Amino acid sequence: MSSDNRETIPAARPVIGEEEIEAVVRVLRSGRVVQGPEVAAFEEGFSELVDGRHCVAVNSGTSALHLLLLALGIGPGDEVIVPSFSFAASANAVRLTGADVVFADIEPGSFGLAPAAVEAAITPRTAAIMPVHLYGHPAAMDALMPIARKHGLAVVEDACQAHTAAVGGTPVGAFGSGGTFSFYPTKNMHSLEGGMVTTADAEIARTLRLLRNQGMEQRYANEIVGANMRMTDVSAAVGRVQLGKVHGWTEQRRANAAYLDRHISAPGVTVPPVAEGARHVYHQYTIRVQGDRDAAMARLSEAGIGNAVYYPTPIHRLKPYWEPDQKVGRIWDLPETERAAAEVVSLPVHPSLTAQDLERIVDAVNSLGEMQ
Ligand SMILES: *Cc1c(COP(=O)(O)O)cnc(C)c1O
């Protein structure tokens, strides 16, 4: 309970409104609940967010990453360059294909892959680069795309946190060989669970449609080995409702972030920088805290301000990556990743915040200055 008895402001607040509920009921009453017309309409609608690229809906963001890698032909013997400072799903999708994960360090500002580190990590086995648009800030695509072109590498954008983020006016998910989005409830828009793959390549889009459905286009005429990673029409109906709201919500996130930027001024606290030409969509509003982060977080919690660390353990230190690396004596040198993992704290920035909530967040963060 907060010290002043006010309710805690949650770190995230998924929206399930009346429209979403009505959409679900409408699909359930139709009797047509598996992948069908709602999924097709959701794909078509989402395409507008990614400059008209082909869109293939699946059952999660992780499935989107996994299937995109498979559709690009990535598998055993290949290496994919991934940031260690991300959600484990980014690297897991690579390992699930049988390919090897090569970790590269991040830029301290954007928290995305550092182009120089990517270039240094390229080997003859490198097949792809996976920029993650972490927290809703786009990775440095203007520098990463030329590196990929120069070395003939595929680019798999993990845009799971970055619906409608952009660099120089081009939306994320429209740069690479393909992009992936998540519709998990805490993301900037959701479909209960769900994911989307985006690609400019019609052939890859067709392969993705086969892979998500047992390799079938015509029923029982299986062309390739595939999985069942279909989205349901129930999910798609929720996603379509949210698609109509995501722009407004994003502007509200950006306005909330601008308010926090203007008013947070505690010594030892750094607000999130935005790269030139980048459109940040603030899936998270992530500050850096110098000094005792645990004490700072405890103080925020006492003040009723939801807060969390994404992600406290870099992926290369998680057991399924750390243990095999230890066995072969591989040590990753990722100083910016380690520093970020030790310093970041995400604050509430979601569109349901009130003016009073924002003031409380600022007051609580600025009171951290007294701890220095
Ligand atoms: C959420 C997320 C994923 C996975 O999406 P799911 O829908 O949860 O499977 C992948 N990468 C990043 C960066 C994410 O935030």
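Start by selecting Thr 286, which sits in strand β12, residues 285-289. Helices (H or I, at least four residues) and strands (E, at least two) are DSSP runs here, numbered from the N terminus. Thr 286 is buried, at 3% relative accessibility; buried means under 20% relative accessible area, exposed over 50%, and partly exposed in between, with a 1.4 Å probe and protein chains only.

Before moving on, a word on what you have loaded. This is a predicted model, where local features need pLDDT of at least 70 and side-chain atom pairs count only at pLDDT 80 or more, while totals for chains, interfaces and linings use all residues. Residues are numbered from 1 along each chain as its sequence is written, and side-chain values use heavy atoms, with hydrogens and water left out.

**Next stop: the ligand**

Select the ligand and the residues around it.

- Thr 62: a side-chain N or O atom is 2.5 Å from a ligand oxygen.
- Ser 182: a side-chain N or O atom is 2.7 Å from a ligand oxygen.
- Gln 161: a polar side-chain atom is 2.8 Å from a ligand oxygen.

On its own the ligand has 380 Å² of accessible area, and the protein covers 93% of that. Accessible areas come from the Shrake-Rupley method with a 1.4 Å probe, and for residues only the protein chains shown count as cover.

**Next stop: aromatic rings**

Show the rings of Phe, Tyr and Trp. The structure holds 12 aromatic pairs; rings (for Trp, the six-membered one) pair if their centres lie within 6.5 Å, and planes under 30 degrees apart count as stacked, over 60 as edge-to-face and the rest as tilted. Pick Phe 111 and Tyr 135: their centres are 5.1 Å apart and their planes stand at 75°, so this pair is edge-to-face. Phe 111 lies in the loop between β3 (100-104) and α5 (115-121), and Tyr 135 in the loop between β4 (126-129) and α6 (141-151), so the pair ties together parts 24 residues apart in sequence. Phe 111 is buried at 4% relative accessibility, and Tyr 135 is buried at 2%.

Move to Tyr 310 and Tyr 311, another edge-to-face pair, with 5.7 Å centre to centre and 65° between the planes. Check the backbone as well: a cis peptide bond joins Tyr 310 and Tyr 311, with omega about 5°. Tyr 311 is in the loop between α10 (293-302) and α11 (319-327). Is each of these two buried or partly exposed? Tyr 310 is partly exposed at 25%, whereas Tyr 311 is buried at 16%.

Finish the rings with Phe 42, Phe 46, Phe 181 and Phe 183, which ring pairs link into a cluster.

**Last stop: backbone angles**

Select Leu 192, in the loop between β8 (178-182) and β9 (195-199). Leu 192 has a positive phi of about 75° although it is not a glycine, and it is partly exposed at 32% relative accessible area.

Then select Tyr 282, in the loop between β11 (278-279) and β12. Its phi is also positive, near 45°, in a residue other than glycine. Tyr 282 is buried, with a relative accessible area of 5%.

Technical notes
Polar contact = N/O pair within 3.5 Å; in protein donor to acceptor, adjacent residues only side chain to side chain.
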